[in-house]
Amino acid sequence: MRRRWLIALIASTVAIIAFGVYGVTTSPGAVVAAPSPSPTISAEVAEAPASTPVPVPTPTSSPPQESPELTATRYFAAWQAHDISSMTALVADPPADFAERHRSFDADLRVSSLSLTPGRLRRQSEEAAEMSFQGVREVAGLGRWTFSSALRLGLRAGAWKVLWSPETLHPSLKDGESLRLKEAQVRRPATLTREGLLFPRDSRAGDYVTGLGGTAVVLSLEETNSGRVMLASPPLPPIKTRSTISRSVQAAAARALDGTERPAAIVAVDVQTGQVRAVADTLGGRGAFNGLYPPGSGFKVVTAAALLRSGLSPESPVACPATYTIPNARTFTDSDGTDHGTVTLTTAFALSCNTTFVQQTYERLRDDRLRAEAADRFGFREKPGLSSCRIQPYGSPDELGSDSIGQNSAQASPLCMAEVAAAVASGVWRPAIMTAEPPAGSPPPVPLDEGVAVGLRTMMSAVVTQGTAAQAGLPPETFGKTGTAEVAGAEDHAWFIGYRGSLAFAVFVQNGGAGGKVAAPIAARFLNAL
């Protein structure tokens, strides 16, 4: 009996030692189970249990390289830029008609611009997220259309993708709903001029005041199935409402466009009040107020203001070569192909030297001062009011150079450019109005630095006396700036903006050609008829 007890004790001791040795010799990365309590010593010899190694867990797959926030940011940027190919690449399983849906949405509803403001990202799971956002679309003839929606995102094959559905475009498109722009002809009451007189015959102002053609087109943006109205034309004014339009100024503007074969517009505003004194428009769709067109060299008024604020003066010497290449970037050329050597800034402005303004902008305004000048002091931003204009932050030196001469992201309506000219004349930028006083919520006036305003007046005078508008037949004491804006695949737009006496104005001819040869002579006919 004593011998059996000793044999059992020895066997148990060997098993415990073997288990301990296994634990010590297991690889450092292995997961080892906690030891069991010591076995009860048995009177009989028991066979030690075989030990089973615990498997080492394999590492999980590496996390995705991009976050849902980054994917959403890229999608919003591409959407605002109308870059449908980049949008498509960010969408998981985009429908075959993805591009056509976006194009037809904007075309059918006459959407001219879109701005998006992302909200906060909400994680729904490790593989799903949602980001709310606010949007503002500009609808021709109706104005600003705001909406709220959400961008859904999902993790697909290790990358975050947009889970697109029709309601991403607009929440009203959910469950097969659609939107339409509805036009209705209604009888409209008469509007009178500021003098209490009827408008002149063939005034070309029918889209802006009522009672000139007997009927008016009322627009409404609504859901097709439910009939819910999303946006509608403002109510028609009461009968015999007086406008801010001057009968004589309107007549001169309308007759100045006689014989102009291309779509065109003339807008005139009072320098001190911003009240619209004339609007003659053959563009259609209220293009004189709401249209967005590259302003070309007319934008050099804004660029010159930023350069004057940077330390230049009208007499500062600057180079006006035939070509200028931004370091490691694009080459810009002057329209006349002439190397004018070193000239004053005033002469470069009068000759409309593209190379001068691109070079000076690259050297002096790379810290976003050009966009700030346009947005903060000349109204190139999203804002309430009658006019439309905008400029985006530049992404490359090429884009900055193009912005400086009124191309790339710089866009404006004729009314916006008339506001620019009025700001130079009065020394204060203010929004144009068609009421006695600015409506509630109007942007406040913005004074220009006195030195900047005086310098711009000197430079705009030189355009008429010795520059690109010298041969246009403009009357004395006219201040202005020509503009020729390039259009991809089409003829250039022709511009002339300026002021004389108490009136500031803008002349625009869509695809009309050179501003000095086309728009400036129209401005001369307008001013000489007053």
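Contact, in these notes, means heavy atoms within 4.5 Å.

**Ground rules**

I am working on a predicted model, where local features need pLDDT of at least 70 and side-chain atom pairs count only at pLDDT 80 or more, while totals for chains, interfaces and linings use all residues. Residues are numbered from 1 along each chain as its sequence is written, and side-chain values use heavy atoms, with hydrogens and water left out.

**Entry 1: valine 139**

I began with one residue. Leaving aside its neighbours within four places in sequence, valine 139 is in contact with Leu109, Arg110, Val111, Trp145 and Leu231. I found valine 139 in strand β2 (residues 128–139). Strands here are DSSP runs of E with at least two residues, helices are runs of H or I with at least four, and both are numbered from the N terminus.

Is valine 139 buried or exposed? It is buried, with a relative accessible area of 0%. Buried means under 20% relative accessible area, exposed means over 50%, and partly exposed is in between (1.4 Å probe, protein chains only). I also checked leucine 221: it lies 82 residues from valine 139 along the chain, and their C-alpha atoms are separated by 9.3 Å.

**Entry 2: the whole chain**

I zoomed out next. The protein chain has 15 helices and 22 strands. Of its 530 residues, 47% count as buried. I then looked at contacts with a separation of 6 or more, and 65% of them come from residues 24 or more positions apart.

**Entry 3: a hairpin**

Strands β7 (residues 215–223) and β8 (residues 229–232) pair in the antiparallel sense over three bridges. Two strands count as paired if DSSP finds at least two bridges between them. Serine 220 in this pairing stands opposite alanine 232 in β8. The hairpin has five residues between the strands, and glycine 227 takes a positive phi near 80° there.

**Entry 4: a five-stranded sheet**

In what order do the five strands of the open sheet run? I read it as β11-β10-β22-β21-β20, with antiparallel pairing. β11 (276–281) and β20 (479–487) stand at the edges with a single partner strand each, so one side of each has no neighbour in the sheet. The twist averages 10° from one strand to the next.

Strand β10 (residues 264–270) pairs with β11 over five bridges, in the antiparallel sense. Alanine 265 stands opposite aspartate 281 in β11.

Two helices pack on this sheet. Helix α6 (residues 247–256) touches β10, β11 and β22 (503–509), and its direction makes about 25° with that of β11. Helix α13 (residues 414–426) touches β10, β11, β21 (490–500) and β22, and its direction makes about 145° with that of β22. For such angles, axes are lines fitted to C-alpha atoms (for helices, over the stretch in contact), and the angles run from 0 to 180 degrees between N-to-C directions.

**Entry 5: what α8 crosses**

I followed helix α8 (residues 300–309). Its axis and that of helix α10 (residues 354–364) come within 11 Å and cross at roughly 40°. α8 and α10 are therefore oblique to each other. For the wording, under 35 degrees is roughly parallel, over 145 roughly antiparallel, 65 to 115 roughly perpendicular, and the rest oblique. On the α8 side the contact uses Lys300, Thr303, Ala304 and Leu307, and on the α10 side Asn354, Phe357, Gln360, Thr361 and Arg364.

How do α8 and α11 lie to each other? Their axes come within 9 Å and cross at roughly 115°, and α8 and α11 are therefore roughly perpendicular. I noted Val302, Thr303, Ala305, Ala306 and Arg309 in α8 meeting Arg369, Leu370, Glu373, Ala374 and Arg377 in α11.

Helix α14 (residues 450–466) is another partner: its axis and that of α8 come within 10 Å and cross at roughly 130°. α8 and α14 are therefore oblique. Val301, Ala304, Ala305, Leu308 and Arg309 of α8 make this contact with Val452, Gly455, Leu456, Met459 and Met460 of α14.

**Entry 6: helix α12**

Which residues of helix α12 (residues 397–404) are buried? I listed Leu400, Gly401, Ser402, Asp403 and Ser404. The buried residues of α12 pack against α8, β14 (331–333), α10 and α11 (369–377). Just after α12, glycine 406 takes a positive phi of about 75°.
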